[in-house]
2 protein chains.
Amino acid sequence: MDGLKNMVKERLELHGIKPSMQRMAVMEYLMTHRTHPTAEMIFADLYPHMPTLSKATVYNTLNLLVERGVVRLITIEEKNARFDACMDPHIHFRCRDCGAILDVDVEAHWVPAMPEGVTVEMSETYCIGSCAECNSQKVN
Amino acid sequence: MDGLKNMVKERLELHGIKPSMQRMAVMEYLMTHRTHPTAEMIFADLYPHMPTLSKATVYNTLNLLVERGVVRLITIEEKNARFDACMDPHIHFRCRDCGAILDVDVEAHWVPAMPEGVTVEMSETYCIGSCAECNSQKVN
DNA sequence: AAACAAAAATAGAATAATTCTAAAAATGGA
DNA sequence: TCCATTTTTAGAATTATTCTATTTTTGTTT
């Protein structure tokens with residue numbers, strides 16, 4: 001019936017995470033919202049539908065998901081951690097003017113040559129500048 | 001006489017920053033400590049030699065330096081902002097085991113093709129994994 | 001040198017994201 | 001049903017950073 005919920009469940013189980021209601025809700029949120037939300041945003045949006053949800057659970061779940069490699073932790077902003085369920089190769093761009101965080105697709109992520117003995121588990125590239133919309137408002 | 005202090009002063013003035021004692025101290029610290037320190041570390045190390053130094057001044061100075069493009073803000077760690085006075089192209093590697101943050105030299109930094117209209121001011125690449133030393137302790 | 005304005009530094013309070021703690025609830029056998 | 005384990009929960013605690021209001025420093029004009 002509900003294919004999405006099944007995908008969510010499978011994705012959790014595939015990584016050895018027991019699919020509780022709360023974990024499914026957080027995971028489903030991330031899979032359906034490609035907005036790189038903060039923990040706070042996720043909590044604020046889920047809370048009305050799950051009045052017993054605790055902020056600690058959202059943090060616990062996100063930490064677990066990141067640990068198990070189910071979602072990406074994005075540290076492009078100094079203040080807030082942001083999360084991304086899309087694991088396809090892409091990088092993140094932050095607009096200094098409007099604050100938006102955009103995905104930029106790349107064929108494969110760049111991993112520079114590392115010194116002998118170093119092993120790389122993951123790598124992230126962050127670009128910062130001005131988005132097309134903000135740029136267009138600057139010209140006259 | 002003291003070539004270092006002159007270099008520090010010049011580098012600040014070049015970016016339109018008035019070289020006060022405190023700013024010089026922070027800038028010199030960053031130029032002589034390639035450890036990607038946190039604001040806290042800088043304060044802790046400078047304080048014994050400058051007992052009137054305030055933590056707010058360290059934060060103010062670091063923010064100013066980053067704004068003016070004199071130093072790099074590194075967000076490779078979730079908790080603490082880290083700072084780097086080296087502006088030559090290089091990327092950062094964090095060891096998940098020992099926490100060290102290492103520089104990795106690259107010829108030029110990768111900036112992926114951006115969507116039409118987007119302008120990029122800066123980009124950072126972070127790699128996370130295990131450093132050579134930690135890896136060597138794992139094998140048996 | 002005195003007076004003044006502007007810039008910078010300071011101490012400590014305030015803020016806010018995240019983690020911790022201890023208790024309650026849910027889950028899954030035996 | 002009983003029990004052990006896992007998960008969730010609320011709120012307190014922690015902590016990096018920013019804010020506020022005051023003081024100090026700096027530079028300029030007389």
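Trainee: What covers the buried residues of H3(A)?

Mentor: Keep in mind that this is a predicted model. The cover includes three elements of chain A: helix H2 (21-32), helix H4 (55-67) and strand S2 (82-84).

Trainee: And which residues of helix H3 in chain A are buried?

Mentor: H3 spans residues 39-46, and the buried ones are Ala39(A), Ile42(A), Phe43(A) and Leu46(A). They sit on the same side of H3(A), because they cover an arc of only 100° around the axis.

Trainee: How should I read that spacing in general?

Mentor: An α-helix has 3.6 residues a turn, so residues three or four places apart point the same way.

Trainee: Let's move to chain B. Where does Asp84(B) lie, and what is the nearest side chain of opposite charge?

Mentor: Asp84(B) is part of strand S2 of chain B, residues 82-84. The nearest side chain of opposite charge is Arg34(B), 4.4 Å away. A salt bridge has to be within 4 Å, and Asp84(B), though buried, has none.

Trainee: Which side chains does the side chain of Asp84(B) make polar contacts with, then?

Mentor: Look at two histidines. One polar contact, of 2.9 Å, joins Asp84(B) to the side chain of His90(B). Another, also listed at 2.9 Å, goes to the side chain of His92(B).

Trainee: Which residues is Asp84(B) in contact with, leaving aside neighbours within four places in sequence?

Mentor: Both of those histidines are there, His90(B) and His92(B), along with Arg34(B), His36(B), Val71(B), Arg72(B), Ile74(B) and Asp103(B).

Trainee: Now the interface. How many residues of each chain are in contact with the other?

Mentor: It's 35 residues of chain A with 35 residues of chain B. Between them the chains bury about 2800 Å², with 61% of that on carbon and sulfur atoms. On the chain A side, Glu78(A), Trp110(A) and Glu121(A) supply 20% of the area buried against chain B, more than any other three residues.

Trainee: What about polar links across the interface?

Mentor: Count 16 residue pairs in polar contact between chain A and chain B, and 2 salt bridges. One salt bridge pairs the side chains of Glu121(B) and Arg96(A), at 2.2 Å from N to O.

Trainee: Which element gives the largest share of the side of chain A that touches chain B?

Mentor: That's S5(A), with 12 residues. Strand S3 (90-95), strand S5 (119-130) and helix H5 (132-138) of chain A each supply at least two residues of that side.

Note on methods:
Residues numbered from 1 in each chain as written. Chains lettered and ligands numbered in written order. Predicted model: local features only at pLDDT ≥ 70, side-chain atom pairs only at ≥ 80, totals over all residues. Heavy atoms only, no water. Buried < 20%, exposed > 50% of the residue type's maximum accessible area, 1.4 Å probe, protein only. Helix = DSSP H or I, 4+ residues; strand = E, 2+ residues; numbered from the N terminus. Arc of directions from axis to C-beta. Contact = heavy atoms within 4.5 Å. Lys, Arg positive; Asp, Glu negative; His and termini not counted. Polar contact = N/O pair within 3.5 Å; in protein donor to acceptor, adjacent residues only side chain to side chain. Buried area = accessible area lost by both parts, 1.4 Å probe.
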